[in-house]
Amino acid sequence: MNNYEIMMIINPKSDVKVAKDLLNKVFDKGVKSFEKMEKTELAYEINKSKTAIYILSNIETKGELIQEFRRLSNIEKNIWRIMVVNLDSERALERREHTKSELAKQSEKREKRRLERDAFHKERIAKREAYRKSQYNKSEEK
């Protein structure tokens with residue numbers, strides 16, 4: 001069971017009950033909250049209308065039911081747009097505070113990698129210089 005947030009834009013001439021009935025039909029008891037936001041002026045016309053009603057709802061359900069909800073909402077003419085967000089997989093929700101010890105370990109690992117990389121490059125430069133000197137000495141002998 002995943003948590004989803006569903007935002008709907010519906011026809012301002014229709015009743016909010018259309019959206020609520022669709023949610024209850026598909027998700028039954030999985031509907032945690034249902035909120036009529038406001039009647040808002042749109043940035044561009046949808047179905048020759050400059051206003052719409054926004055509805056926000058939180059759902060706890062399986063992913064298969066989300067597909068069924070999308071299908072049914074596309075059939076319903078009074079629901080103009082929908083957006084479904086899976087709250088469990090959103091990266092911003094999973095951020096957590098790092099403890100000082102975790103940060104110190106990460107810093108130590110970075111420093112160790114930097115020292116290894118520097119040692120590797122110094123060794124490579126030394127080998128290159130030795131090779132150049134040997135080539136220079138060969139050319140002087142001839």
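The following dialogue concerns a predicted model of one chain and the grounds for its descriptions.

Guide: In this predicted model, local features need pLDDT of at least 70, side-chain atom pairs count only at pLDDT 80 or more, and totals for chains, interfaces and linings use all residues. Residues are numbered from 1 along each chain as its sequence is written, and side-chain values use heavy atoms, with hydrogens and water left out.

Visitor: What makes up the secondary structure of the chain, and in which order do the elements run?

Guide: The chain has three helices and four strands, in the order β-α-β-β-α-β-α from the N terminus. Helices (H or I, at least four residues) and strands (E, at least two) are DSSP runs, numbered from the N terminus.

Visitor: How does the radius of gyration of the chain stand against that of a compact globule?

Guide: The chain has 31 Å, whereas a compact globule of 142 residues would have a value near 14 Å. The radius is taken over C-alpha atoms, and the globule rule is 2.2 Å times the number of residues to the power 0.38. Along its principal axes, the C-alpha trace spans about 95 × 40 × 30 Å.

Visitor: Why is the pair of Phe27 and Phe69 called tilted?

Guide: Rings of Phe, Tyr and Trp (its six-membered ring) pair if their centres lie within 6.5 Å; planes under 30 degrees apart count as stacked, over 60 as edge-to-face and the rest as tilted. Phe27 and Phe69 lie 5.5 Å centre to centre with 40° between the planes, so the pair is tilted. A search of the whole structure finds one aromatic pair.

Visitor: Which parts of the chain does this pair tie together?

Guide: Phe27 lies in helix H1 (residues 17-27) and Phe69 in helix H2 (residues 63-75), so the pair ties together parts that are 42 residues apart in sequence. Both Phe27 and Phe69 are buried, a term for under 20% relative accessible area, with exposed meaning over 50% and partly exposed in between (1.4 Å probe, protein chains only).
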